[in-house]
Amino acid sequence: MSDPALAPPGKYLEFPITVRFGDTDPYGVVYFASYFRYCHHGIEEFFRCLGLRPQELFRNQEEGFGLPIAGASCDFLKPIWYGDPLRLAVFVIHAKSKALTFGFHFYHAEKEELVAKGQATIVAIDKNWQSRGLPAQLKEALSPFLPPVQAS
């Protein structure tokens, strides 16, 4: 990252994104909902890089928990077009005993500019859809990326 002011806070992982035709609106600009798919993809790849299997975290029937997205937002700073190469930086904004909020910075890979930024919060639930503590294996694997845990 050449401009530190544009860098995500703390430790992060980066993933490439290829803007596909189906990700765009009739004007050829990335459709807003596509950014949320990119964010979820970023969370999945983040977990994989930490040696976790997303399919065992988002819905774990054996251990009786799930990790649904409870909230998400995104600010679109510059238009991105079909075919533009992006880099997605994924980081943890904050962690609580039952929830994690991930941050996302989208960069145009060729221009080194921040084009969008967002966040998504996942909440740990039990098989009855009641909140519960985050799974131990998740907290352990994420520990290098986590800010101090706050009570929820």
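## Cysteines

A disulfide is a pair of cysteine sulfur atoms within 2.5 Å. By that rule, a search of the whole structure finds zero disulfides. C39 is in none, and the nearest cysteine sulfur, that of C74, lies 5.5 Å away. That is too far for a bond. In general terms, a disulfide is a covalent bond between the sulfur atoms of two cysteines.

Are C39 and C74 buried or exposed? Buried means under 20% relative accessible area, exposed means over 50%, and partly exposed is in between (1.4 Å probe, protein chains only). C39 is buried, at 3% relative accessibility. C74 is buried too, with a relative accessible area of 13%.

## Basis of the model

This is a predicted model: local features need pLDDT of at least 70, side-chain atom pairs count only at pLDDT 80 or more, and totals for chains, interfaces and linings use all residues. Residues are numbered from 1 along each chain as its sequence is written, and side-chain values use heavy atoms, with hydrogens and water left out.

R87 sits in strand β5, which spans residues 85–95. Helices (H or I, at least four residues) and strands (E, at least two) are DSSP runs, numbered from the N terminus. R87 is buried, with a relative accessible area of 15%. Its C-alpha atom is 5.1 Å from that of Y107, although R87 and Y107 are 20 residues apart along the chain.

Which side chains does the side chain of R87 contact? A polar contact is a pair of N or O atoms within 3.5 Å; within protein, one must be able to donate a hydrogen and the other to accept it, and residues adjacent in sequence count only if both atoms are side-chain atoms. Another, of 3.1 Å, joins R87 to the side chain of E112.

## S34 in helix α1

Helix α1 covers residues 32–49 and includes S34. S34 is buried, at 1% relative accessibility. A polar atom of the S34 side chain lies 2.9 Å from the backbone oxygen of D23.

## Salt bridges

A salt bridge is a side-chain nitrogen of Lys or Arg within 4 Å of a carboxyl oxygen of Asp or Glu. The count comes to seven salt bridges. Side chains of opposite charge can pair when their charged atoms come close.

One of the salt bridges links R48 and E44, with the closest N and O atoms 3.8 Å apart. Both residues belong to helix α1; they are four residues apart, so about one helical turn separates them. R48 is partly exposed, at 40% relative accessibility. E44 is partly exposed as well, with a relative accessible area of 23%.

## Two further pairs and a network

R53 and E56 meet through their side chains in a salt bridge of 3.1 Å, N to O. R53 is partly exposed, with a relative accessible area of 46%. E56 is also partly exposed, at 39%.

K78 forms a salt bridge with E113, the closest N and O atoms being 3.6 Å apart. K78 lies in the loop between β4 (69–76) and β5, and E113 lies in strand β7 (residues 113–123), so the pair ties together parts that are 35 residues apart in sequence. K78 is partly exposed, with a relative accessible area of 40%. E113 is partly exposed, at 21%. Elsewhere, salt bridges that share partners join E14, R87 and E112 into one network.
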